[in-house]
Protein chains: 2
Amino acid sequence: MHGLIVKLTARPGQRDAMISILVHCVQNMPGSMSYIVAKDPADENAIWATEVWDSEASHDASFTLPAVKAAVEQVKPMVVGVQSKVVTQPVSGYGLQRDSKAQ
Amino acid sequence: MHGLIVKLTARPGQRDAMISILVHCVQNMPGSMSYIVAKDPADENAIWATEVWDSEASHDASFTLPAVKAAVEQVKPMVVGVQSKVVTQPVSGYGLQRDSKAQ
C-alpha cells in the first residue's frame, strides 16, 4: 500500500469550495482504498488529505482520469501551496476499502 | 467528525510489534470511522496513525474500552514519544465507515 498525508493551503475564502471539489472527485478512483479530506481547525485556509492507495502506480494513474484532471484544473487556482507532504506505507487498520473497482 | 494525524516513534526494533497491537485493537471501537496505521518509510522507527471519529467524545471514550486499555499498557513501553499530533475536522471523502456499531 501507498499512503500520503498532505496539507494544502487555499486562498482566503476558497477552502470550502476546494473541499467540495475534492470530496466529489475522490469517490471513484481505481486503487483508492481511503481518501479523507479534513479542515485544519488551527488554520482557516488549510486542509489535510489522508490517502491510501493499493500501490503508488494507482496513485500516479489517478491523475490520468478525466474526473481527476478536471478537478485538478478547478482546484489549481484555489491553492496557495502544499505545506507538507508525507509519504507513508499503510499496513492495516479500520476503514480500508479493499474492493475498490476499476471505473 | 473529529480527526487525528499522529506520528509515533517506537524503540528500535519494536515498530512491527507496536503496529500489530494497534491494528488489532482498532477494529471494534464505537464511533471510529477510520483508523489506519502506516509505517514511515523515511524513519524505520516511526509510524503514522490517521484517525476519524464521529465525535471527540467517542475518541475520548475509546480509552475506557478494555481492549484499548490493554493495548495502551502493551504499547506504552514500546513508545519513545509522540513526534507530531494534528487535530483535524474531517469533512468527507472515501472510506469513512458510517455504520460503526457500539460493542
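In chain A, strand S1 (residues 2–10) and strand S4 (residues 79–94) pair in the antiparallel sense over eight bridges. Here, helices (H or I, at least four residues) and strands (E, at least two) are DSSP runs numbered from the N terminus, and two strands pair if DSSP finds at least two bridges between them. Within this pairing, A:Leu8 stands opposite A:Val82 of S4(A). This is a predicted model, in which local features need pLDDT of at least 70 and side-chain atom pairs count only at pLDDT 80 or more, while totals for chains, interfaces and linings use all residues. Residues are numbered from 1 along each chain as its sequence is written, chains are lettered from A in the order in which they are written, and side-chain values use heavy atoms, with hydrogens and water left out.

Strand pairing also joins the two chains. S4(A) is linked to S2(B) by five bridges, and the two run antiparallel; in this pair, A:Tyr94 stands opposite B:Tyr35. In turn, strand S2 of chain A (residues 32–39) pairs with S4(B), again in the antiparallel sense and over five bridges. There, A:Lys39 has B:Gln89 as its bridge partner.

A:Lys39 also takes part in a salt bridge, with the side chain of A:Asp16 (3.6 Å, N to O). The term stands for a side-chain nitrogen of Lys or Arg within 4 Å of a carboxyl oxygen of Asp or Glu. This pair links distant parts of the chain, since A:Lys39 lies in strand S2 and A:Asp16 in helix H1 (residues 15–25), 23 residues apart. Over all chains the count comes to six salt bridges, yet across the interface of chain B and chain A the rule finds zero.

How many residues of chain B are in contact with chain A? With contact taken as heavy atoms within 4.5 Å, 31 residues of chain B touch 31 residues of chain A. The area buried between the chains is about 2,600 Å², and carbon and sulfur atoms give 65% of it; buried area is the accessible area (1.4 Å probe) that two parts lose on being put together, summed over both. On the chain B side, B:Ile36, B:Gln89 and B:Tyr94 lose the most area to chain A, together 27% of what that side buries. S4(B) gives the most, with nine residues.

Finally, the two copies can be compared. By least squares on the C-alpha atoms of residues with pLDDT of at least 70 in both, a rotation of 180° with 0.0 Å of shift along its axis superposes chain B on chain A (RMSD 0.0 Å). That is the relation of a two-fold axis. In chain B, the C-alpha of B:Gly95 is the nearest to the axis, at 2.8 Å. The same surface serves both copies, as 100% of the contact residues of chain B recur in chain A.
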